[in-house]
Amino acid sequence: MEKIRCGWCEKDDLYRKYHDEEWGRPIYDDETIFEFLILESFQAGLSWYTILAKRENFKKAFDNFNYKKIAAYTEEKMEELMNDPGIIRNRLKIKATVTNAQKFQEIQKEFGSFSKYIWGFVGGEPLDNSPQKLSDVPAVTDISDALSKDLKKRGFKFMGSTVVYAHMQATGMVNDHIASCFIRQ
């Protein structure tokens, strides 16, 4: 019997694998949360599929998403990234990644971990929106608005409410798997 999935992921095996194994699963470790923050910030204005297809290239280019290393990137390193055809070569997004890595560490110092900070916006547990169909899934919520506003206030870049909500979905802060999706079973 074929699995029923959320409709957005039926494009191909890359999308299906991501949906089946990662999307919407609660993530509490700072390293993976940071990886998704970076990937989501690069997605701004693009499709998630574009980013997912380049994920391994991003991982290689950005030192396995090591935020401590990224926070110390020099202009020379950023220029090197601008010449990497395997990633999205957007100067503002590359600079934002360095800034976001620095701000990420500031939040870790303040809260003990970035995970504690970000999960605090949903009370530490995933919110279940229980969508019946894809059209029931929002692009933003009051919580993503508040989180986006707070991240921006703290100096983060490319963290609009839509990007933040996509991050919340990806890291399982919200469960937006549709009612008929096998993940819900």
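This is a short walk through one protein chain, from its overall build to a few single residues.

First, a caution. The model is predicted.

Let's start with the fold. The protein chain has 10 helices and two strands. From the N terminus, the order is α-α-α-α-α-α-α-α-β-α-α-β. The radius of gyration is 16 Å, close to the 16 Å that the globule rule gives for 185 residues, so the chain is as compact as a globular protein of that length. Along the principal axes, the C-alpha atoms fill a box of roughly 50 × 35 × 25 Å.

Now the inside and the surface. Of the 185 residues, 47% count as buried. The accessible surface is about 9,200 Å², and carbon and sulfur atoms account for 51% of that. On contacts: take those between residues at least 6 apart in sequence. Of these, 67% join residues at least 24 apart.

Charges next. There are 27 positive and 28 negative ones, and their mean positions lie 3 Å apart.

On to the cysteines. C9 counts as buried because its relative accessibility is 0%. C181 is buried too, with a relative accessible area of 0%.

Last stop, A101. It sits in helix α7, residues 91–111. Is A101 buried or exposed? Buried, because its relative accessibility is 0%. Beyond its neighbours within four places in sequence, A101 contacts F34, Y67, I70 and A71. D128 is 27 residues from A101 in sequence, and 29 Å away in space, C-alpha to C-alpha.

Notes:
Residues are numbered from 1 along each chain as its sequence is written. This is a predicted model: local features need pLDDT of at least 70, side-chain atom pairs count only at pLDDT 80 or more; totals for chains, interfaces and linings use all residues. Side-chain values use heavy atoms; hydrogens and water are left out. Helices (H or I, at least four residues) and strands (E, at least two) are DSSP runs, numbered from the N terminus. Buried means under 20% relative accessible area, exposed over 50%, partly exposed in between (1.4 Å probe, protein chains only). Contact means heavy atoms within 4.5 Å. The radius of gyration is taken over C-alpha atoms; the globule rule is 2.2 Å times the number of residues to the power 0.38. Accessible areas come from the Shrake-Rupley method with a 1.4 Å probe; for residues, only the protein chains shown count as cover. Lys and Arg count as positive and Asp and Glu as negative; His and the chain ends are not counted. The place of a charge is taken as NZ of Lys, CZ of Arg, CG of Asp or CD of Glu.
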